Amino acid sequence: MEVEVLRREDVHKVTKAFQRDIISKYRYDKYIPKEYFVRLFSEKIRSILSTGKSIALKLLKNTNLLAIAILEWSQWDSKILNSNVAKLQLLVDSYLAKYDFTRFLKHIHNIAIDFGFDVIFSRVALSNIKIIQWMLEENYFLADILITLNKFIQKNTEVKDCTENKEICIDNASLKDEPHLIEITRGAYVFSHYYTDPHISFELAEKVYEEWIRNSLRGYADFIIVARHKGTVLGYVTCKLKKIYDKTLGIIDLIAVRKDQRGKGIGSRLIDAALVRLANKTQTIYVATQAQNISALRLYEKKGFRIISSEATLHKWLSK
Ligand SMILES: CC(C)(COP(=O)(O)OP(=O)(O)OC[C@H]1O[C@@H](n2cnc3c(N)ncnc32)[C@H](O)[C@@H]1OP(=O)(O)O)[C@@H](O)C(=O)NCCC(=O)NCCS
């Protein structure tokens with residue numbers, strides 16, 4: 001078994017070898033051609049390799065490519081958690097034996113330590129359950145199960161907008177709404193991997209989402225819609241548009257309703273309003289939440305989203 005650093009000239013071969021895994025999360029996307037995701041992946045690795053703060057490795061056995069690992073420095077997580085965070089993406093041949101995988105993983109950890117990383121965050125598809133099991137045996141912590149859903153909107157379909165003639169008005173957010181949005185955000189995302197990791201304090205996890213909503217108001221989100229009642233914000237949804245060559249993909253990034261206002265249809269109206277806006281720009285919309293967030297999953301299902309992937313979020317602290 002040999003572990004080698006992945007070089008720019010390997011990218012084409014590697015992408016071809018793991019093409020199925022690369023597109024698997026997008027196989028139900030009816031709008032964006034699959035090859036776009038493959039191209040995007042190749043470009044991402046090439047750019048990662050040129051940063052110097054990230055590294056990609058390949059595992060070979062008798063010259064056969066058995067796995068690749070992309071260890072990418074996460075600037076956002078590192079800054080906010082005050083730790084050096086790497087995101088690990090693994091692409092693994094289904095015939096890879098446990099012994100070889102474990103040795104590869106240990107190699108990755110040594111390299112991560114050399115790079116000065118404190119913690120590794122990794123997302124592994126639940127279809128790779130044996131890999132998840134092997135990672136847990138190497139002291140990874142199962143932080144959450146992420147469910148991603150997608151909605152395809154036919155061109156020229158009228159998305160129902162039930163926002164008129166109601167006491168609660170649907171509006172665009174402005175910077176003045178910031179204190180309300182922060183208040184609603186507090187404690188809203190407790191199922192996420194930041195909250196469940198015992199090495200991350202509750203206060204720090206709260207800070208992650210507070211920064212997230214602050215940044216969203218300052219351009220990280222393409223638009224934010226709020227539900228207002230007599231000057232008070234009752235809920236919000238943040239949306240992003242991601243250009244993929246000549247197509248655009250829509251993302252519902254964060255959604256939350258004030259605790260005492262949940263179950264009254266506000267989340268539903270926010271999604272309706274987001275869909276109306278997104279449908280002007282794209283035909284494919286993604287949203288993700290944790291498997292235990294039944295209210296969110298039911299809300300998305302009700303609005304016509306369908307599950308496309310389930311992944312385990314795993315954390316490995318190297319310095320603790
Ligand atoms: C998820 C959330 C935004 C839903 O907002 P809401 O205003 O309560 O939702 P609505 O009242 O419009 O309900 C819409 C649908 O969601 C589902 N739902 C809402 N609350 C639910 C609950 N407590 N249990 C089960 N399903 C629920 C239902 O399917 C409901 O439709 P129905 O009443 O016709 O069955 C809200 O619960 C929330 O802010 N949660 C915390 C933040 C969060 O988890 N965000 C999503 C993570 S990315």
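**Ligand shell and helix packing in a predicted model**

Student: Which residues are closest to the ligand?
Tutor: The ligand is surrounded by 19 residues, a residue being near when its C-beta atom, placed from the backbone, lies within 6 Å. This is a predicted model, in which local features need pLDDT of at least 70, side-chain atom pairs count only at pLDDT 80 or more, and totals for chains, interfaces and linings use all residues. Residues are numbered from 1 along each chain as its sequence is written. The closest are Arg262, Gly267, Ser268, Ser295 and Arg298.

Student: Which element supplies the largest share of the shell around the ligand?
Tutor: Helices (H or I, at least four residues) and strands (E, at least two) are DSSP runs, numbered from the N terminus. At least two shell residues come from each of β10 (247–257), α10 (266–279) and α11 (294–302). The largest share, six residues, belongs to α11.

Student: How many residues of the shell around the ligand are charged?
Tutor: Ala, Val, Leu, Ile, Met, Phe, Trp, Tyr, Cys and Pro count as nonpolar, Asp, Glu, Lys and Arg as charged, and the others, Gly among them, as polar. By these classes the shell holds eight nonpolar and seven polar residues, and the charged ones number four.

Student: How is α5 oriented relative to α6: parallel, antiparallel, perpendicular or oblique?
Tutor: The axes, lines fitted to C-alpha atoms over the stretch in contact, with angles from 0 to 180 degrees between N-to-C directions, come within 10 Å for α5 (residues 98–114) and α6 (residues 129–137) and cross at roughly 55°. Angles under 35 degrees count as roughly parallel, over 145 as roughly antiparallel, 65 to 115 as roughly perpendicular and the rest as oblique. Therefore α5 is, relative to α6, oblique.

Student: Which residues of α7 meet α9?
Tutor: Helix α7 (residues 178–185) and helix α9 (residues 202–220) have axes that come within 9 Å and cross at roughly 145°. Contact requires C-beta atoms, placed from the backbone, within 7 Å. On the α9 side are Tyr209, Glu210, Ile213, Arg214 and Leu217, and on the α7 side are Glu178, Leu181, Ile182 and Thr185.

Student: Is Asp21 buried, partly exposed or exposed?
Tutor: Asp21 lies in helix α2 (residues 19–24). A residue is buried if 20 or more other C-beta atoms lie within 10 Å of its own, exposed if 12 or fewer, and partly exposed in between. Because Asp21 has 19 other C-beta atoms within 10 Å, Asp21 is partly exposed.

Definitions and conventions. Two residues are in contact if their C-beta atoms, placed from the backbone, lie within 7 Å.
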